[in-house]
Structure formats: structure tokens, C-alpha cells
Amino acid sequence: MRQSCERLPWVDSLKGVGILLVILGHSAIPDSVYQMIYRFHMPLFFFLSGFLFRGEFSWQWARRKINRLLVPYFLYGLLYIIVIRAVKGFSLTEMTCDLLSLSGIGVLWFLPCLFLAEILGAYAIAKCRAERTRILIALTVAFAGWVFPQVWVGRLLVATAFYLAGNWWRSVRHQFRMNVVKYGLSVLLMAGLIWNQRVDMANAIFGNFFLFYGPALGVPVFLISVFEDFSISVPALDFIGARSLEFMALHQLVPILVRWLAAFLGIEPHWILLKALIFALLAVACWGVHRYIPVLSGKGLHLFVRK
């Protein structure tokens, strides 16, 4: 069963915004900006994934998710191990354990977390048709993830809660249409952004329960509403969003290689020129991978799929 029938340009543009926030969050930026971005940029992806789920779970769908997310995860993980071991000399054993345990190396933690959140969330949505039951499950999972001390489990539960919330918003958003209530609600939730607290979903650091979930839900609701209601589609953002997996996986690897090559050649370019070069090479690399190495885009190696 295939869920998508027509690709929505505004979705790619919104994904593009999310990817740019991820890249910005991994750059040298003021701490206040860093803290603000980290309060919602990863929840946005889980929320949007739930929003796009149409509610029809099947094991064939789950197998496709393996190809879409887990196969690239392991292939990119091997690439990370090779490059980081060669350039930085990190422990081969430790990186291999992180890869095989699905903890992830660097930003790669996101791929298995999204895979499992989609499986758990989609199964719950398919089996629980009553809206109140789904809301209760989402609230329970959200609280459990917030209090659970183990990083891997905590962030997975929180990710699943955002997935369920995104799917719920898909079913109720048209009740609001373009009125003050919908935008007023999202802005009210986003008010938590003004309080400075450290949030890092990768390490299951969430801070205050309400100050975390408020902005982490309000920003996705607001952005999805704006992009959908006004059909926002920007070619540059569409390009990035359509290659979101590649940008997510490579945006930490390309700078490592560029800086290593610059040091090897004895070159010290101005930081602005270096940033521009890294982003240009990243865009070219993502374009090339998407076009010529589809297995790294989650669509070339069809394991576990019945023909």
C-alpha cells in the first residue's frame, strides 16, 4: 500500500525550512538562537511525519519504511565510521556499537528514531479508531518520554507523541480553516519560546514539561497552517526538502571533509567563504546522491518488499 498519491510542494518547502534549521543549529550561532531552534526543529519533523500519515497501517508499509529509513541509516553509518575514523581517529568499536544499537552517529540518531516512532505511532492510529483513545495514548506517551531516564527510550517515546499529535492535527485542522482560533492557539503555545531553557531531543533533555511541549507543538501547527493555507512553495526550499534525507545525513559529514582537505592543503579561507563553499558542496553532493545513488535516498535497495 502506497500512501502518497501526489507530492505537495508546500510540504517540501516546509521540510526545507526544517533542514535549514537543523544545519543552522549545528553551526556557530548565538546561544539564545541555538536554544530557540532546539525547542522545536526536531519535533517539527516527527509532527509533520504524523501529519502526512493517512491512517492505513500494513506490514508492507512497514517494510517500505525499512528501505526508506533503516537501509540508508546503516549505509550512511558505515560512511561516517570510515570518514570519522580516518580524519579524527575516533574509536572504531564505540562508533560501531552506536550504529548497531540504533543510537546513531551524530545526527543519524534521527533515522532509526523516526522509523520506530512511525511504526509505533502508525500502529496505534490504525488500531485505535476512537479519537479520545488516541489522545489519551499520545498524552501518556508524551509524559512517559519526558520522565524516562534512558536517552534512547525517552526520545523515542517523545518522538512517537509528536507523531500522534501531528496525525491528530491532520484530522481536525479543517474545523478551524483560516480563522483566528487556529493561529491564536499556535501562537499561544509558542509563547514558551521566550523562556530560556535547554532542550536537546537527541540527548533526551526536555526541561520543563509545559515549556517544552508548548513551543514544540505550537511551532509545527503554526508553520503547517501557514504553508498549507497559503500554498507556499519556494524552489530553493523545495530542492532541499525533496532531498531532506540526504541533507540530514550529509550536512555534518561534508564540513568534516572540507575542513580536513583545507588543513591538508594548508589553506585557511575566510569563514564566510568556507561556509559558502561547504553549503555549495553539500547541495551538489545531495543532488548527486539523490540522482545517481538512490540506495542512499531510501529508494534503491528494496529489501523485504514483495514484488
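**Briefing: confidence, cores and selected residues**

The chain has an average pLDDT of 91, and 94% of the residues score at least 70. Residues 1-5 have a pLDDT below 50, and this stretch makes 12 contacts in the model beyond near neighbours in sequence. The structure is a predicted model.

**Nonpolar cores**

- The largest nonpolar core comprises 71 residues, and Phe46, Phe110 and Met201 are those with the most contacts inside it.
- Helix α6 (residues 110-127) supplies the largest share of this core, with 11 residues.
- In soluble globular proteins, nonpolar side chains tend to be buried together.
- Leaving aside residues up to four places away in sequence, Met201 touches Met42, Pro43, Phe46, Trp109, Arg155, Val158, Ala159, Phe162 and Phe206.

**Helix α6**

- Of the 18 residues of α6, 14 are buried, and the helix is thus mostly covered.
- The 18 residues of α6 should span 26 Å at 1.5 Å a residue, and the end C-alpha atoms lie 25 Å apart, which agrees with that expectation.

**Loop residues with positive phi**

- Ala204 has a phi near 55°, a positive value in a residue other than glycine.
- The loop that holds Ala204 runs between α9 (180-190) and α10 (209-229).
- Ser231, likewise not a glycine, has a positive phi of about 45°.
- Ser231 belongs to the loop between α10 and α11 (235-242).
- Ser231 counts as exposed because its relative accessibility is 55%, and the cut-off for exposed is over 50%.

**Ser171 in helix α8**

- Ser171 is part of helix α8, which covers residues 151-172.
- With a relative accessibility of 48%, Ser171 counts as partly exposed, since exposed requires over 50% and buried requires under 20%.
- A polar atom of the Ser171 side chain lies 2.7 Å from the backbone oxygen of Trp168.
- Ser171 and Glu131 are separated by 40 residues in sequence, while their C-alpha atoms are 9.6 Å apart in space.

Notes: Residues numbered from 1 in each chain as written. Predicted model: local features only at pLDDT ≥ 70, side-chain atom pairs only at ≥ 80, totals over all residues. Heavy atoms only, no water. Helix = DSSP H or I, 4+ residues; strand = E, 2+ residues; numbered from the N terminus. Buried < 20%, exposed > 50% of the residue type's maximum accessible area, 1.4 Å probe, protein only. Core = buried A, V, L, I, M, F, W, Y, C linked by side-chain atoms within 4.5 Å. Contact = heavy atoms within 4.5 Å. Expected span 1.5 Å × (residues − 1). pLDDT = per-residue confidence, 0-100. Polar contact = N/O pair within 3.5 Å; in protein donor to acceptor, adjacent residues only side chain to side chain.
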